[in-house]
Amino acid sequence: MASLFLDSNVSDATRRERLYGGDIFVLSPSAASTRLCNFCRHLIEESFAPHDPLTAQYKVPVDEYVGAAGPLKTRLAHHPEAQRLLRETLAETGCDLGETYYDVPKLRVVTSGEYLSAGVGYPLHVHRDTWYSAPMSQLNWWMPLYPIESESSMAVFSKYWHTAVANDSSKFNYYDWNRERKTATKLTGKDNRFQPHPQEPIEMEPHLRIVCQPGGLIVFSGAQLHATIPNTSGRTRFSIDFRTVHIGDLEAGHVRGWVVRARPPPPERAAMPHRAGSRPPAGHARPGRLRAGRCAARRCPRRRS
Ligand SMILES: [Fe+2]
(Lines give C-alpha, C1' and ligand atoms only; values in the text may rest on other atoms or scores of the structure.)
Protein backbone atom coordinates (compact mmCIF):
# COMPACT_ATOMS: atom_id res chain seq x y z
CA MET A 1 0.00 0.00 0.00
CA ALA A 2 1.50 3.33 -1.05
CA SER A 3 1.12 6.56 0.91
CA LEU A 4 0.58 10.01 -0.56
CA PHE A 5 2.42 12.72 1.37
CA LEU A 6 1.03 16.24 0.98
CA ASP A 7 3.41 19.12 1.82
CA SER A 8 5.32 16.89 4.18
CA ASN A 9 8.17 18.59 6.03
CA VAL A 10 10.30 15.49 6.46
CA SER A 11 13.99 15.69 5.54
CA ASP A 12 15.19 14.93 2.03
CA ALA A 13 16.78 11.71 3.33
CA THR A 14 13.48 10.52 4.78
CA ARG A 15 11.61 11.59 1.66
CA ARG A 16 13.99 9.64 -0.57
CA GLU A 17 13.64 6.58 1.62
CA ARG A 18 9.85 6.82 1.34
CA LEU A 19 10.00 7.38 -2.41
CA TYR A 20 12.24 4.33 -2.87
CA GLY A 21 9.58 2.40 -0.97
CA GLY A 22 6.88 3.38 -3.46
CA ASP A 23 5.32 6.37 -1.71
CA ILE A 24 4.49 9.59 -3.57
CA PHE A 25 5.01 13.20 -2.48
CA VAL A 26 3.02 16.22 -3.61
CA LEU A 27 4.46 19.66 -2.92
CA SER A 28 2.48 22.89 -3.19
CA PRO A 29 3.99 25.71 -5.25
CA SER A 30 6.90 27.34 -3.43
CA ALA A 31 8.60 30.66 -4.17
CA ALA A 32 11.30 29.01 -6.30
CA SER A 33 9.02 26.53 -8.07
CA THR A 34 6.63 29.38 -8.91
CA ARG A 35 9.52 31.32 -10.44
CA LEU A 36 10.48 28.22 -12.46
CA CYS A 37 6.87 27.74 -13.56
CA ASN A 38 6.51 31.39 -14.57
CA PHE A 39 9.75 31.35 -16.50
CA CYS A 40 8.63 28.27 -18.46
CA ARG A 41 5.29 29.91 -19.17
CA HIS A 42 7.06 32.99 -20.45
CA LEU A 43 9.03 30.87 -22.96
CA ILE A 44 5.90 28.97 -24.00
CA GLU A 45 3.81 32.09 -24.52
CA GLU A 46 6.60 33.73 -26.48
CA SER A 47 6.77 30.70 -28.80
CA PHE A 48 3.04 30.49 -29.49
CA ALA A 49 2.30 34.24 -29.67
CA PRO A 50 -0.10 35.68 -30.68
CA HIS A 51 -2.11 32.57 -29.75
CA ASP A 52 -3.05 31.34 -26.30
CA PRO A 53 -0.82 28.26 -25.91
CA LEU A 54 -3.64 26.30 -24.28
CA THR A 55 -5.80 26.62 -27.39
CA ALA A 56 -3.23 27.26 -30.14
CA GLN A 57 -3.82 23.71 -31.42
CA TYR A 58 -7.18 24.87 -32.75
CA LYS A 59 -5.70 27.88 -34.53
CA VAL A 60 -2.60 26.70 -36.38
CA PRO A 61 -1.82 23.79 -38.74
CA VAL A 62 -0.07 20.90 -37.06
CA ASP A 63 3.20 21.41 -38.98
CA GLU A 64 3.36 25.01 -37.84
CA TYR A 65 2.56 23.90 -34.29
CA VAL A 66 5.40 21.39 -34.30
CA GLY A 67 7.67 24.07 -35.76
CA ALA A 68 7.04 26.13 -32.62
CA ALA A 69 6.97 23.33 -30.02
CA GLY A 70 10.14 21.51 -31.13
CA PRO A 71 12.59 24.41 -30.74
CA LEU A 72 10.75 25.50 -27.59
CA LYS A 73 11.41 22.15 -25.92
CA THR A 74 15.11 22.34 -26.77
CA ARG A 75 15.38 25.97 -25.69
CA LEU A 76 13.72 25.34 -22.35
CA ALA A 77 15.73 22.20 -21.59
CA HIS A 78 19.06 23.95 -22.05
CA HIS A 79 18.20 27.45 -20.90
CA PRO A 80 20.61 28.47 -18.13
CA GLU A 81 17.87 30.35 -16.29
CA ALA A 82 15.58 27.31 -16.30
CA GLN A 83 18.38 25.22 -14.84
CA ARG A 84 19.24 27.86 -12.25
CA LEU A 85 15.61 27.97 -11.14
CA LEU A 86 15.47 24.18 -11.11
CA ARG A 87 18.43 24.13 -8.72
CA GLU A 88 16.75 26.77 -6.56
CA THR A 89 13.62 24.64 -6.47
CA LEU A 90 15.58 21.55 -5.43
CA ALA A 91 17.36 23.51 -2.71
CA GLU A 92 14.09 24.87 -1.42
CA THR A 93 12.69 21.36 -1.08
CA GLY A 94 15.66 20.34 1.06
CA CYS A 95 17.88 18.61 -1.52
CA ASP A 96 21.62 18.79 -0.88
CA LEU A 97 22.96 20.49 -4.00
CA GLY A 98 26.37 18.94 -3.46
CA GLU A 99 24.96 15.41 -3.65
CA THR A 100 22.06 15.71 -6.07
CA TYR A 101 22.40 15.16 -9.82
CA TYR A 102 19.64 16.30 -12.14
CA ASP A 103 18.62 15.92 -15.74
CA VAL A 104 17.58 18.97 -17.77
CA PRO A 105 13.89 19.94 -17.49
CA LYS A 106 11.82 18.28 -20.22
CA LEU A 107 8.80 20.15 -21.51
CA ARG A 108 5.78 17.94 -22.28
CA VAL A 109 3.17 19.22 -24.68
CA VAL A 110 0.09 17.00 -24.59
CA THR A 111 -2.52 18.36 -26.95
CA SER A 112 -6.17 17.53 -26.50
CA GLY A 113 -7.67 14.84 -28.69
CA GLU A 114 -5.83 13.40 -31.67
CA TYR A 115 -4.21 16.62 -32.89
CA LEU A 116 -0.64 15.54 -32.14
CA SER A 117 0.34 12.02 -31.11
CA ALA A 118 4.03 11.68 -31.97
CA GLY A 119 7.37 13.42 -31.58
CA VAL A 120 7.04 16.57 -29.48
CA GLY A 121 3.52 15.60 -28.45
CA TYR A 122 3.99 11.87 -27.85
CA PRO A 123 1.76 10.81 -24.94
CA LEU A 124 3.76 8.33 -22.89
CA HIS A 125 2.35 4.84 -22.67
CA VAL A 126 2.48 2.73 -19.50
CA HIS A 127 6.13 2.35 -18.49
CA ARG A 128 8.71 2.51 -15.76
CA ASP A 129 11.55 4.98 -16.38
CA THR A 130 13.93 2.20 -15.37
CA TRP A 131 13.00 0.50 -18.66
CA TYR A 132 14.66 3.49 -20.36
CA SER A 133 18.03 2.86 -18.67
CA ALA A 134 17.34 5.10 -15.68
CA PRO A 135 19.22 4.35 -12.47
CA MET A 136 17.11 2.44 -9.93
CA SER A 137 17.43 5.33 -7.49
CA GLN A 138 16.12 7.89 -9.98
CA LEU A 139 13.39 10.18 -8.70
CA ASN A 140 10.93 11.91 -11.04
CA TRP A 141 9.68 15.46 -10.42
CA TRP A 142 6.58 16.47 -12.41
CA MET A 143 5.19 20.01 -12.54
CA PRO A 144 2.09 21.28 -14.37
CA LEU A 145 2.67 24.76 -15.79
CA TYR A 146 -1.00 25.71 -16.20
CA PRO A 147 -4.10 24.46 -14.38
CA ILE A 148 -4.75 20.79 -15.17
CA GLU A 149 -7.69 18.50 -14.70
CA SER A 150 -7.98 14.81 -14.08
CA GLU A 151 -8.53 14.45 -17.85
CA SER A 152 -5.15 16.02 -18.60
CA SER A 153 -2.97 14.69 -15.81
CA MET A 154 -0.80 11.62 -15.48
CA ALA A 155 -1.50 8.23 -13.93
CA VAL A 156 0.51 6.17 -11.47
CA PHE A 157 -0.19 2.45 -11.23
CA SER A 158 1.14 2.00 -7.71
CA LYS A 159 -0.43 -1.44 -7.34
CA TYR A 160 2.39 -2.67 -9.63
CA TRP A 161 5.08 -1.42 -7.26
CA HIS A 162 5.60 -4.93 -5.90
CA THR A 163 4.69 -6.73 -9.10
CA ALA A 164 7.04 -7.67 -11.91
CA VAL A 165 5.94 -6.66 -15.39
CA ALA A 166 7.42 -8.47 -18.38
CA ASN A 167 8.79 -5.89 -20.81
CA ASP A 168 11.08 -5.52 -23.80
CA SER A 169 13.51 -3.02 -22.28
CA SER A 170 16.40 -5.34 -23.22
CA LYS A 171 16.06 -3.96 -26.78
CA PHE A 172 16.29 -0.35 -25.65
CA ASN A 173 19.49 1.56 -26.40
CA TYR A 174 19.79 4.85 -24.59
CA TYR A 175 22.31 6.29 -27.02
CA ASP A 176 20.15 5.50 -30.07
CA TRP A 177 17.28 7.12 -28.21
CA ASN A 178 19.30 10.28 -27.65
CA ARG A 179 20.28 10.42 -31.31
CA GLU A 180 16.70 9.91 -32.46
CA ARG A 181 15.44 12.58 -30.10
CA LYS A 182 16.72 15.24 -32.51
CA THR A 183 14.58 14.02 -35.42
CA ALA A 184 11.59 13.27 -33.18
CA THR A 185 10.77 16.97 -32.97
CA LYS A 186 9.59 16.82 -36.59
CA LEU A 187 7.17 13.90 -36.13
CA THR A 188 3.46 14.63 -36.24
CA GLY A 189 1.79 11.27 -36.92
CA LYS A 190 3.07 7.82 -36.03
CA ASP A 191 6.10 7.66 -33.74
CA ASN A 192 8.29 4.78 -34.91
CA ARG A 193 11.06 5.13 -32.37
CA PHE A 194 11.56 1.99 -30.30
CA GLN A 195 10.29 2.43 -26.78
CA PRO A 196 10.03 -0.25 -24.11
CA HIS A 197 6.51 -1.53 -23.57
CA PRO A 198 4.91 -4.04 -21.21
CA GLN A 199 4.82 -7.50 -22.75
CA GLU A 200 1.81 -8.59 -20.78
CA PRO A 201 -1.65 -7.08 -20.23
CA ILE A 202 -1.74 -4.26 -17.69
CA GLU A 203 -4.79 -3.69 -15.54
CA MET A 204 -5.47 0.00 -16.16
CA GLU A 205 -7.79 0.27 -13.16
CA PRO A 206 -7.31 1.29 -10.49
CA HIS A 207 -4.78 4.02 -11.05
CA LEU A 208 -4.03 7.26 -9.29
CA ARG A 209 -4.27 10.67 -10.96
CA ILE A 210 -2.89 13.61 -9.02
CA VAL A 211 -4.09 17.11 -9.79
CA CYS A 212 -2.02 19.87 -8.25
CA GLN A 213 -1.59 23.59 -8.77
CA PRO A 214 0.64 25.06 -11.49
CA GLY A 215 4.12 25.21 -9.99
CA GLY A 216 3.35 22.34 -7.62
CA LEU A 217 5.41 19.17 -7.80
CA ILE A 218 4.58 15.49 -7.85
CA VAL A 219 7.60 13.42 -6.84
CA PHE A 220 7.78 9.65 -7.36
CA SER A 221 10.28 6.91 -8.02
CA GLY A 222 11.35 6.35 -11.62
CA ALA A 223 10.52 2.70 -10.98
CA GLN A 224 6.82 3.46 -10.56
CA LEU A 225 4.64 2.25 -13.41
CA HIS A 226 3.09 5.40 -14.86
CA ALA A 227 1.61 6.88 -18.03
CA THR A 228 0.26 10.01 -19.65
CA ILE A 229 -3.52 10.29 -19.50
CA PRO A 230 -4.93 10.80 -23.02
CA ASN A 231 -5.87 14.46 -22.86
CA THR A 232 -9.62 14.96 -23.29
CA SER A 233 -9.81 18.27 -21.42
CA GLY A 234 -10.13 20.40 -24.56
CA ARG A 235 -6.94 22.34 -23.70
CA THR A 236 -3.29 21.53 -24.26
CA ARG A 237 -1.43 20.35 -21.18
CA PHE A 238 2.02 21.84 -20.64
CA SER A 239 4.19 20.34 -17.93
CA ILE A 240 7.84 19.91 -17.18
CA ASP A 241 9.53 16.99 -15.56
CA PHE A 242 13.05 16.42 -14.45
CA ARG A 243 14.87 13.61 -12.76
CA THR A 244 17.28 13.53 -9.85
CA VAL A 245 19.69 11.01 -8.41
CA HIS A 246 21.36 11.31 -5.02
CA ILE A 247 24.98 10.32 -5.50
CA GLY A 248 25.22 8.66 -2.09
CA ASP A 249 22.25 6.43 -2.80
CA LEU A 250 23.61 5.61 -6.23
CA GLU A 251 27.02 4.67 -4.89
CA ALA A 252 25.48 2.61 -2.09
CA GLY A 253 23.70 0.65 -4.80
CA HIS A 254 20.87 -0.41 -2.54
CA VAL A 255 17.34 0.84 -2.75
CA ARG A 256 15.05 -1.14 -0.47
CA GLY A 257 16.25 -4.51 -1.71
CA TRP A 258 17.09 -3.27 -5.19
CA VAL A 259 20.71 -3.60 -6.21
CA VAL A 260 22.20 -1.85 -9.21
CA ARG A 261 25.41 -3.22 -10.64
CA ALA A 262 28.09 -1.12 -12.20
CA ARG A 263 29.31 -1.81 -15.72
CA PRO A 264 32.11 -0.17 -17.68
CA PRO A 265 31.04 3.32 -18.75
CA PRO A 266 30.26 3.78 -22.45
CA PRO A 267 32.23 6.51 -24.20
CA GLU A 268 29.13 8.55 -24.94
CA ARG A 269 27.65 11.24 -22.79
CA ALA A 270 26.19 10.26 -19.42
CA ALA A 271 22.42 10.23 -19.03
CA MET A 272 22.31 12.68 -16.16
CA PRO A 273 25.40 14.87 -16.38
CA HIS A 274 24.30 17.87 -14.37
CA ARG A 275 25.07 18.10 -10.73
CA ALA A 276 23.22 20.68 -8.72
CA GLY A 277 26.25 21.71 -6.68
CA SER A 278 29.78 22.51 -7.73
CA ARG A 279 32.02 20.15 -5.75
CA PRO A 280 32.56 16.81 -7.50
CA PRO A 281 32.77 13.87 -5.11
CA ALA A 282 36.07 12.05 -5.60
CA GLY A 283 35.94 8.81 -7.52
CA HIS A 284 32.17 8.76 -7.88
CA ALA A 285 30.25 6.68 -10.36
CA ARG A 286 28.35 8.95 -12.73
CA PRO A 287 24.60 8.53 -13.03
CA GLY A 288 23.67 7.00 -16.35
CA ARG A 289 26.56 4.60 -16.28
CA LEU A 290 24.89 1.99 -14.19
CA ARG A 291 23.07 -1.10 -15.22
CA ALA A 292 19.41 -0.21 -14.90
CA GLY A 293 16.14 -1.72 -15.96
CA ARG A 294 16.24 -4.86 -13.93
CA CYS A 295 16.81 -5.80 -10.36
CA ALA A 296 19.77 -7.93 -9.47
CA ALA A 297 18.39 -9.01 -6.11
CA ARG A 298 17.50 -12.67 -6.40
CA ARG A 299 14.16 -12.48 -4.63
CA CYS A 300 13.08 -9.06 -5.84
CA PRO A 301 9.65 -9.27 -7.52
CA ARG A 302 10.79 -6.69 -10.07
CA ARG A 303 13.77 -8.72 -11.24
CA ARG A 304 12.16 -8.94 -14.67
CA SER A 305 11.04 -5.29 -14.66
FE1 LIG B 1 8.23 8.34 -17.32
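These legends describe close-up views of a predicted model. Residues are numbered from 1 along each chain as its sequence is written. In this predicted model, local features need pLDDT of at least 70, side-chain atom pairs count only at pLDDT 80 or more, and totals for chains, interfaces and linings use all residues.

**View A. Helix α2 against helix α4.** Helices (H or I, at least four residues) and strands (E, at least two) are DSSP runs, numbered from the N terminus. Helix α2 spans residues 31-48 and helix α4 spans residues 80-92. Their axes come within 8 Å and cross at roughly 160°. Axes are lines fitted to C-alpha atoms, for helices over the stretch in contact, and angles run from 0 to 180 degrees between N-to-C directions. α2 and α4 are therefore roughly antiparallel (angles over 145 degrees) to each other. Their crossing is left-handed: the near helix is turned anticlockwise from the far one by less than a right angle.

**View B. Residues joining α2 and α4.** From α2 come A31, A32, S33, R35, L36, F39 and C40. They meet E81, A82, L85, L86, E88, T89 and E92 in α4. Two residues are in contact if their C-beta atoms, placed from the backbone, lie within 7 Å. By class, this contact has eight nonpolar, two polar and four charged residues. Ala, Val, Leu, Ile, Met, Phe, Trp, Tyr, Cys and Pro count as nonpolar, Asp, Glu, Lys and Arg as charged, and the others, Gly among them, as polar.

**View C. E81 in helix α4.** E81 lies in helix α4. E81 is partly exposed, with 14 other C-beta atoms within 10 Å. The cut-offs are 20 or more such atoms for buried, 12 or fewer for exposed, and partly exposed in between. E81 and L36 are 45 residues apart in sequence, and 8.6 Å apart in space, C-alpha to C-alpha.

**View D. Helix α2 against helix α3.** Helix α3 covers residues 62-78. The axes of α2 and α3 come within 10 Å and cross at roughly 155°. The two helices are therefore roughly antiparallel to each other. α2 passes α3 in a right-handed crossing, the clockwise case. C40, L43, I44, S47 and F48 of α2 make the contact with A68, L72, R75 and L76 of α3. These residues divide into seven nonpolar, one polar and one charged.

**View E. The sheet β7-β6-β9.** Three strands form an open sheet in this order, with antiparallel pairing. Two strands pair if DSSP finds at least two bridges between them. The edge strands are β7 (208-209) and β9 (226-228), and each pairs on one side only. β6 (residues 154-156) and β9 pair over three bridges. M154 stands opposite T228 in β9.

Methods. Parallel < 35°, antiparallel > 145°, perpendicular 65-115°, else oblique.
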